[in-house]
Amino acid sequence: MSVLTLFVVIPALMLLGLWIARNDNQVRGVMVAGASCLLALSIWLTIDFIQARAGGDTSEMLHTYAIDWFKPLNIQYAVGVDGISVVMLLLSSIIVFTGTFASWQLQPMKKEYFLWFTLLSTGVFGFFISVDMFTMFMFYEVALIPMYLLIGVWGSGNKEYSAMKLTLMLMGGSALLILGILGIYFFSGATTMNVNEIAALHNIPENIQKIFFPFIFIGFGVLGALFPFHTWSPDGHASAPTAVSMLHAGVLMKLGGYGCFRVAMYLLPDAARELAWIFLILTTISVVYGALSACVQTDLKYINAYSSVSHCGLVLFALLMMTQTSCTGAILQMLSHGLMTALFFALIGMIYGRAHTRDVRFLGGLMKVMPFLAVGYVIAGLANLGLPGFSGFIAEMTIFVGSFENADTFRRVCTIIACCSIVVTAVYILRVVGKILFQKLQYPHMESVKLTDATWDERVAVICLIACVAGLGCFPMWASHVIDSGVGSILSNILAAGMSGM
């Protein structure tokens with residue numbers, strides 16, 4: 001049995017512990033213990049992966065394990081990790097850990113909330129360790145279903161509408177995915193659904209690839225906020241409770257980019273190269289449209305939600321460029337954006353819990369009354385607009401440099417257009433920071449609201465996320481080296497298929 005199975009076993013034990021917990025303190029204890037174990041396990045796995053690569057281990061994946069699950073359809077419980085999945089597991093564990101502290105004071109039904117939150121986490125971890133397409137799809141569905149209740153019960157605003165819209169659109173993407181997965185399985189001639197074994201065969205005819213590539217790419221792209229299938233994202237983010245927004249934007253949306261690269265492009269490389277121009281247009285629109293839409297919002301969560309559409313669009317944009325540098329930048333962006341947006345949503349939730357509004361027109365002067373949260377918001381904003389020293393800078397620079405490496409004129413034009421989003425991002429970030437933190441209150445009724453600074457549990461979440469954002473920005477090479485190995489194996493398969501077809 002692989003050590004990776006612990007990423008599913010620990011959340012399962014957490015679910016059992018939550019079920020038998022009798023009060024809020026016991027619920028908190030179970031969550032902190034479980035989240036700490038997951039974080040420690042992911043850190044150990046990252047160090048082990050780095051040491052294995054430094055020691056000369058050239059295996060495509062580490063800690064692999066496979067056992068027959070449903071023999072008639074050749075479905076296996078198959079797990080393994082490469083550099084991409086290692087950093088995604090690390091990101092997920094960080095968000096689960098900090099999200100636990102961000103929800104420390106949540107009411108009502110704390111126990112039920114954490115049960116669904118943990119089930120969502122189980123799906124995320126299971127998805128990133130899976131290398132069997134059916135098992136991956138199963139965990140993908142496990143990650144999606146709890147979102148409906150988490151938003152519909154514990155959310156705010158128009159939460160029922162947002163929860164239903166999110167669920168229906170993501171389930172629509174799932175329908176496309178299952179069609180694409182079945183198409184790959186039956187036309188590949190493989191006797192397994194293992195993605196590495198299917199990729200090694202190169203048996204799927206190009207005309208068949210062109211049929212099923214859009215099913216897979218759009219199916220995962222819906223979760224990655226691909227234009228025009230992104231409309232569920234802002235509403236879902238705005239209505240979700242704080243920790244759910246953190247996990248949703250920080251990790252769940254990364255399942256989309258990961259799936260597009262690991263399944264669609266890896267298994268259907270000929271179609272990926274032939275049809276990339278169509279999706280490059282859509283992702284370029286996502287990048288610019290998301291940034292421009294953020295500029296006209298007045299709700300803090302909607303601003304960050306549309307910002308996420310733009311930044312997640314950059315992930316798919318870079319993957320479609322299909323250069324080593326751009327694809328490495330895409331995974332760095334997934335890691336960076338996950339940390340930054342989790343920090344943003346944590347801070348917005350803490351501000352909303354005190355001011356009872358997220359409308360920037362009703363906020364002002366927060367630096368005086370809640371300096372810790374205000375400084376955290378400034379740091380999050382500077383990281384989001386790509387200030388050197390934070391993770392956003394290194395990720396976006398890697399993407400744009402790698403994208404411009406491609407000598408194709410069309411791709412360079414798309415890169416130049418996407419670069420314009422940097423300027424737009426600076427506009428809405430600096431406008432919001434200046435308005436809510438430093439300007440005076442414009443509405444008298446806000447003066448009657450008692451505003452306090454962060455509590456100890458909130459400070460734990462904020463400090464951890466700031467440390468990760470700054471640490472990745474100042475010391476990015478370890479992540480780049482880890483990611484490179486995973487990107488290289490997938491990209492070499494895509495390029496090898498192209499050379500064999502010439």
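Start with helix 14 (residues 324-355), which gives the most to the lining of the largest pocket, with six residues. Helices here are DSSP runs of H or I with at least four residues, and strands are E runs of at least two, numbered from the N terminus. This is a predicted model, where local features need pLDDT of at least 70, side-chain atom pairs count only at pLDDT 80 or more, and totals for chains, interfaces and linings use all residues. Residues are numbered from 1 along each chain as its sequence is written, and side-chain values use heavy atoms, with hydrogens and water left out.

Stay with the pocket. It holds about 490 Å³ of space. Of its 25 lining residues, select A102, L106, T242, G349 and G353, the closest to its centre. A pocket is found on a 1 Å grid over the protein atoms alone, as an open set of points where a 1.4 Å probe fits, with protein on both sides within 12 Å along at least five of seven lines; lining residues have an atom within 4 Å of a point. Grid points are joined across faces, edges and corners, and the volume is the space filled by probe spheres set on them. Colour the lining by type and you get eleven nonpolar, nine polar and five charged residues.

Next, the largest nonpolar core, with 183 residues; F213, F217, L255, L267 and Y377 have the most contacts inside it. Helix 14 turns up again, giving the most to this core with 18 residues. Such a core is a set of buried Ala, Val, Leu, Ile, Met, Phe, Trp, Tyr and Cys residues joined through side-chain atoms within 4.5 Å. Buried means under 20% relative accessible area, exposed over 50%, and partly exposed in between (1.4 Å probe, protein chains only). Zoom in on Y377: not counting residues up to four places away in sequence, its contacts (heavy atoms within 4.5 Å) include F344, L347, I348 and I351, as well as V432 and V433.

Which residues does M88 touch, beyond four places in sequence? Select F128, K254, Y258, I331, M334 and L335. M88 lies in helix 3 (83-102) and counts as buried, at 1% relative accessibility. Its C-alpha atom is 8.7 Å from that of I331, 243 residues apart along the chain.

Over to P228, in the loop between helix 8 (206-223) and helix 9. A cis peptide bond joins F227 and P228, with omega about 0 degrees. In helix 9 (residues 232-239), pick S233: it is buried at 0% relative accessibility and touches M253, A305 and V309, leaving out residues up to four places away.

Strand 1 (residues 62-70) and strand 2 (residues 75-81) run antiparallel, joined by six bridges; two strands pair if DSSP finds at least two bridges between them. D68 has Q76 of strand 2 as its bridge partner. Four residues separate the strands, and N74 in the turn has a positive phi of about 55 degrees. In strand 1, H63 also has a positive phi of about 55 degrees although it is not a glycine; H63 is partly exposed at 26%.

How values were computed: Nonpolar A, V, L, I, M, F, W, Y, C, P; charged D, E, K, R; others polar.
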